[in-house]
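Subject: Structure handover

Hi,

Here is the structure I promised to send over. Please open it alongside this message; my notes follow below.

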Amino acid sequence: MFDVIKELLDADKNETSECQDWLVQNNSSYEEYYLEENISDKPYRLYRFLTDLEDILDNIADDYDRLKAICPLVRKLLNISYWLQLEYDSPSPDVGWSVKTLYQEPNYPITIQTVAWLPNHASPVHNHAAWGVVGIIQGQENNRFWRRNPTPENPERIELINEKILVPGDIIGFMPDAIHSVETMGDYPTVTFNIYGEADFSRRYQFDPINHTAKNF
Ligand SMILES: [Fe+2]
């Protein structure tokens with residue numbers, strides 16, 4: 001009996017100690033870090049999150065430092081504001097995905113969306129040319145990380161350097177030049193909570209890793 005309880009405790013310990021937060025650098029390598037859980041009965045309203053976000057953008061210029069400041073707020077928001085986890089549109093059967101915009105304002109560099117994908121759909125390989133934070137609400141996705149590895153013949157050549165399966169509760173921040181592709185997994189739609197800063201469209205690319213080409217999108 002004791003052994004069973006110990007096993008359960010160990011399993012629980014392993015689960016709670018497992019990292020759920022990552023930052024992907026401009027060279028697409030990723031680092032783990034551990035965010036404090038914010039368990040509170042006090043609501044963390046979306047408007048307050050937006051205000052905190054604006055303060056960060058006003059006071060922190062560096063994208064990496066911004067991500068370090070924003071990711072804990074995203075965790076707090078998703079922990080406390082459960083209603084957000086239900087704010088998504090079912091994936092369109094025609095294209096396999098749907099986007100619901102939760103916040104966007106003209107001339108203000110923040111976009112907040114929930115995105116739902118049917119299982120076994122893959123995105124193109126791309127960067128965002130903006131900082132971004134993605135929280136997994138439901139389902140699973142395999143994130144593949146790529147980096148530029150140009151040759152004289154193929155200046156847009158990229159290579160796969162790593163991959164990571166993300167599950168509900170995981171939060172990942174991306175630097176603007178991080179290159180990734182996403183494939184949804186499992187039997188149910190994958191739903192994510194996404195925040196992006198202002199994109200520099202001239203630096204936003206979709207890559208073809210077979211033909212070694214890159215085009216703006
Ligand atoms: Fe992406």
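Asp-208 has Thr-213 of strand 13 as its bridge partner. Strand 12 (residues 205-208) and strand 13 (residues 213-216) pair antiparallel over four bridges. Two strands count as paired if DSSP finds at least two bridges between them. Helices (H or I, at least four residues) and strands (E, at least two) are DSSP runs, numbered from the N terminus. Four residues sit between the two strands of this hairpin, and His-212 takes a positive phi near 60 degrees there.

Some ground rules. Residues are numbered from 1 along each chain as its sequence is written. This is a predicted model: local features need pLDDT of at least 70, side-chain atom pairs count only at pLDDT 80 or more, and totals for chains, interfaces and linings use all residues.

Confidence
pLDDT is the predictor's confidence in each residue, from 0 to 100. The protein's mean is 90, and 90% of its residues reach 70 or more. Residues 1-17 stay under 50, and the model gives that stretch zero contacts beyond four places in sequence. A contact means two C-beta atoms, placed from the backbone, within 7 Å.

Overall make-up
The protein has three helices and 13 strands. Of its 217 residues, 29% count as buried. Buried means 20 or more other C-beta atoms within 10 Å of a residue's own; exposed means 12 or fewer; partly exposed lies in between; the C-beta atoms are placed from the backbone. Among contacts with a separation of 6 or more, 71% join residues 24 or more positions apart.

Seven strands make an open sheet with mixed pairing, in the order 2-1-9-6-11-4-3. Strand 2 (30-33) and strand 3 (97-104) are the edges, each pairing on one side only. Neighbouring strands are turned by 20 degrees against each other on average, direction ignored. Axes are lines fitted to C-alpha atoms, for helices over the stretch in contact, and angles run from 0 to 180 degrees between N-to-C directions. Strand 6 and strand 11 run antiparallel, joined by six bridges. Val-134 stands opposite Asn-194 of strand 11.

Helix 3
Helix 3 (residues 63-80) has 18 residues. From first C-alpha to last it reaches 25 Å, close to the 26 Å expected at 1.5 Å a residue. That expected span is 1.5 Å times one less than the number of residues. The helix lies across strands 1, 6, 9 and 11, at about 25 degrees to strand 6. Its buried residues include Leu-67, Ile-70, Cys-71 and Val-74. The buried residues of helix 3 pack against helix 2 (46-59) as well as strand 1 (21-24), strand 6 (132-138), strand 9 (171-174) and strand 11 (190-196).

Thr-190 lies in strand 11. Thr-190 counts as buried because it has 27 C-beta neighbours inside 10 Å. Its C-alpha is 4.1 Å from that of Gly-139, 51 residues away along the chain. Not counting residues up to four places away in sequence, Thr-190 touches Trp-117, Gln-138, Gly-139, Gln-140, Glu-141 and Thr-184.

Ala-116 belongs to strand 4 (residues 111-117). Ala-116 is buried, with 22 other C-beta atoms within 10 Å. The C-alpha atoms of Ala-116 and Tyr-88 are 6.8 Å apart, across 28 residues of chain. Beyond four places in sequence, the contacts of Ala-116 include Tyr-88, Trp-97, Pro-189 and Val-191.

Best regards
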